[in-house]
Amino acid sequence: MEKDGNRKGTRREFVRSAGKLIIAVPVLSLPVILAKKMDVKGYVWQIDPYKCTSCEQCKTACVMTPSAVKCTNAYPMCGYCDFCPGFLRQGAKKFSTAAEDQLCPTGAIKRIFVEEPYFEYSINEKLCDGCSKCVKGCADFGNGSLYLQIMHNLCVNCNQCAIARICPSDAVIRVPAEEPYLRKELKKEPKEPLPRHNLTQARFKNNRLPGS
Amino acid sequence: MKITLKKYIPYLVLAIMLVWHTVTKAQEQRFPRPEFEGGYTFPEHQFQYQRGPLWEYMDAAVLVLALSAASWLALKKRSRQGLIWLSVFSLAYFGFYRQGCICAIGSIQNVSLALFNDDYSMPFSALLFFAIPLLFALLSGRVFCAGVCPLGAIQELTGFRQVKVPRKVEGILSAIPFVYLVLAILFAATKSQFLICRYDPFVGIFRIDAPYTMVIFGSLLLVTGIFVNRPYCRYICPYGVLQNIFSRFSVRHLTITPAECRNCRLCESGCPYDAILQSDPDPAKKRPKRSWKESVLYFLLIPVMAASLAVIFYNLAPSLAIVNDDVKLAREIRLEKESGIKAVSKAAVAYFESGKSEKELYDEEQLIIGRFKKGAPWIGIFLGLSLGISMFRLTIRKIRTDYEPDRGRCYSCGKCFRYCPVKLNT
C-alpha cells in the first residue's frame, strides 16, 4: 500500500511539474510576443474633431460628472464673428449677451470685445459640460473653430472610454500619450482617407503652430 | 419701413446661412480670419497633460511590493490582520487614489486586443499589471486576490458574515467566470468592446461617481457580499479564472496549519469559500470502490466536449457579433432597406452623414462576423476542456492525510488561520 501510494505520489508530482512547465512556458513567452506589440509611452483617449458629429452624448457618457470633454476654440480658425453661431441661440431676437440669447446652457462661453466688429470667444472650462451645442452651431454656420477635446487634467484614462463605446461616429480614438490633443487648427490635410479604426492619428502628429 | 426690415435681419441671416449650410456643408472655413488693426494676438490655450508614464511604473512597483507583502503575510507571517491592513492599503491606493483604472482584471482585454490586432500596441504598464500577479500566482498562490486587488479588497473588508453556499449552486455559479472570460477575450480580440470594463461593478465607488446601473449592480454585490463573501471574485471575476489555473501549479502555497495537521476538523467550517479539501481519516477503511472505467469515460469525454462546444460557439458567432457596433449598425441599416423600419439611432444618423456606401458597411460587417467565426471555436474548445477536465477530476481521488486548501479556489485570505489549534512557538 505504501509502495503504491509512493508510486502514485511520484506520478502526481510528475504531472504537477509538467503542468507547471506547460503553464510557465506561455507565461514567459507571452511578454516576449507582446514586447513587439508594446508602446512604452502608452495611449490616451481623444476626440478627432473631424469625425465628431456633435451628437451631445459626450456630456452624459463620460464616467466623470461633469464630463472631462470640454469645448475649446481654435483661435487661428475663428472668424471672430459678431453674430457668433456658437455663442448666440438660433432665433435670438437680439445679438446681446443676455442669457436668453446665449446658446450655451451653462453660460460657459465668454465674449470679449476686440475691435469693431470683432469679438473674441473663450470657453470657461469650469462651466463647460461638453454638450457640444456650440460646436454644432459653429460647425453648421461658422468656421468650425469650436471643437471638443478630452481634457487630460480631468480624464481618468479608463481602459475603455465610456464615450468611445457609444460614440456613433467612432470619433473617440486612442492617441499617443505624448501628443494627447488633436488640435483642429494644427491639422494637416490627409492625403487619403484614413482607415476607420486607425488608432494612432498620423495627420495630427508632430505639427505645431508656427511660433508656439 | 426701415424698422420692420431691421427686425427681420436675424431671420434673414439665418435663412441665408441655412441655405449656405446645405450647399457647402463640408467646407467649414466660411469666414476669412479678420485682419486686426489693434495688434490683437489670440490667446494661447493651455492644454494640460496627464501625469507621465513614469507614474505608471510607480504603480507597477507598488504592485510588486504589495504582492511581496501579501505573499510574506500569507505564507510566512500567517497574519490575517496584516492581510486586512494590506487590503485597506490596496483599496486606498489602487482603488480610491488610482481610481480603479490600473487594473489586472481589465488588462486581459488589452492583451487580447494587442495579440490579435496589429494596429494596437498595448501600454507596457498594462502588460505588467497582467503578468506580475500571474507570476506571483505561480510562486505563491492567489496572493493577488488576498489583499492586492482593490475589487477583492473592498469585498474582503465588507464580508462580515459567512453563509455557505450549497455545493451544487457553487459549482454551477463558478462556471460563469469561465464564460465571462472567454467572451471578454473574444469581444476584445474582435475590437468590439471591453466587456469587463463595461460591467466593472466597483469602479463607480472608487470614483464616487457612476451611472445608476453601476451603482445598483455594485451595491447589490456588496450587500450580497456581507453574507456570501466575495461574490464578484467567485461568480464573476474573469481574472480569477487565470489566477485559479496558475495557482494550481504554484511553487508554494498558504497552508492552514503552521506545522503538522492533526485532523481535528476544526477548520472544516472555517472557509467561507468552501476551499478546504478535507482529509480522509482512514483511507484504507472507508474508501469507496471506484471503477476506473468511469475515469476513462470522463477522460474520453474531454475532447468530445471541446469539439461540441467549439461547434456550438461557431454557430453562435453571428449572434455574438451583435455586440460589435459596426455589425449592429449594418443590421439596422439593412432592416431599414429591407423592411422599412426607420433607422433612428445616433450611429445611423452619423452613418448617413458620413456618406459611406452601403457596400462598405456590409463588407465590414462580414469581415467582423468572419473574425468572430474564427475566434469562437477556440473559446468553445477552452470552455469544453475546462469543463471536461473539471469533471474528469471528480472521478479521480487523491488520498489526503491533511486538511489543505484547494489551490485553485483558495484566495489566501487567511481566514482559516485562527481555526487551527496548532500554534507555533516563536
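A salt bridge here is a side-chain nitrogen of Lys or Arg within 4 Å of a carboxyl oxygen of Asp or Glu. Lys337(B) and Glu336(B) form one through their side chains, at 3.9 Å from N to O. The model is predicted, so local features need pLDDT of at least 70 and side-chain atom pairs count only at pLDDT 80 or more, while totals for chains, interfaces and linings use all residues. Residues are numbered from 1 along each chain as its sequence is written, chains are lettered from A and ligands numbered from 1 in the order in which they are written, and side-chain values use heavy atoms, without hydrogens and water.

How exposed are the two partners? Buried means under 20% relative accessible area, exposed over 50%, and partly exposed in between (1.4 Å probe, protein chains only). Lys337(B) is partly exposed, because its relative accessibility is 45%. Glu336(B) has a relative accessible area of 17%, so it is buried.

Over all chains, the whole structure holds 19 salt bridges. One of them joins the side chains of Lys415(B) and Glu156(B), at 3.6 Å from N to O. Glu156(B) sits in helix H7 (residues 150-158) of chain B and Lys415(B) in the segment after strand S3 (404-405) of chain B, so the pair ties together parts that are 259 residues apart in sequence. Helices (H or I, at least four residues) and strands (E, at least two) are DSSP runs, numbered from the N terminus. Lys415(B) is buried at 9% relative accessibility. Glu156(B) is buried too, at 5%. The pair belongs to a salt-bridge network that also links Arg80(B) and Arg230(B).

Now take a pair within one helix. Lys359(B) and Asp363(B) form a salt bridge, with their closest N and O atoms 2.9 Å apart. Both lie in helix H19 (residues 358-395) of chain B, 4 residues apart, which is about one turn of the helix. An α-helix has 3.6 residues a turn, so residues three or four places apart point the same way. Lys359(B) counts as exposed, at 58% relative accessibility. Asp363(B) is partly exposed, with a relative accessible area of 41%.

Turn next to the interior. A nonpolar core is a set of buried Ala, Val, Leu, Ile, Met, Phe, Trp, Tyr and Cys residues joined through side-chain atoms within 4.5 Å. The largest such core has 99 residues, and Ile105(B), Val148(B), Tyr232(B), Tyr239(B) and Phe372(B) have the most contacts inside it. Helix H5 (residues 124-140) of chain B supplies the largest share of this core, 10 residues. Apart from it lies another core of 32 residues, including Trp45(A) and Cys84(A).

What surrounds Tyr239(B)? Beyond its neighbours within four places in sequence, its contacts (heavy atoms within 4.5 Å) include Ala104(B), Ile105(B), Phe129(B) and Phe130(B).

H5(B) has 13 of its 17 residues buried, so the rest of the structure largely encloses it. From first C-alpha to last it reaches 24 Å, close to the 24 Å expected at 1.5 Å a residue; the expected span is 1.5 Å times one less than the number of residues. Just after H5(B), Gly141(B) takes a positive phi of about 80 degrees.

Leu54(B), Trp55(B), Met58(B) and Tyr97(B) make a nonpolar patch of about 450 Å². Helix H2 (residues 53-77) of chain B gives the most to this patch, with 3 residues. Met58(B) lies in that helix, H2 of chain B. Met58(B) is partly exposed, at 35% relative accessibility. Patches are made of residues with over 30% relative accessible area and no salt bridge; like charges are joined within 9 Å, and nonpolar side chains (Val, Leu, Ile, Met, Phe, Trp, Tyr) within 5 Å. Accessible areas come from the Shrake-Rupley method with a 1.4 Å probe, and for residues only the protein chains shown count as cover.
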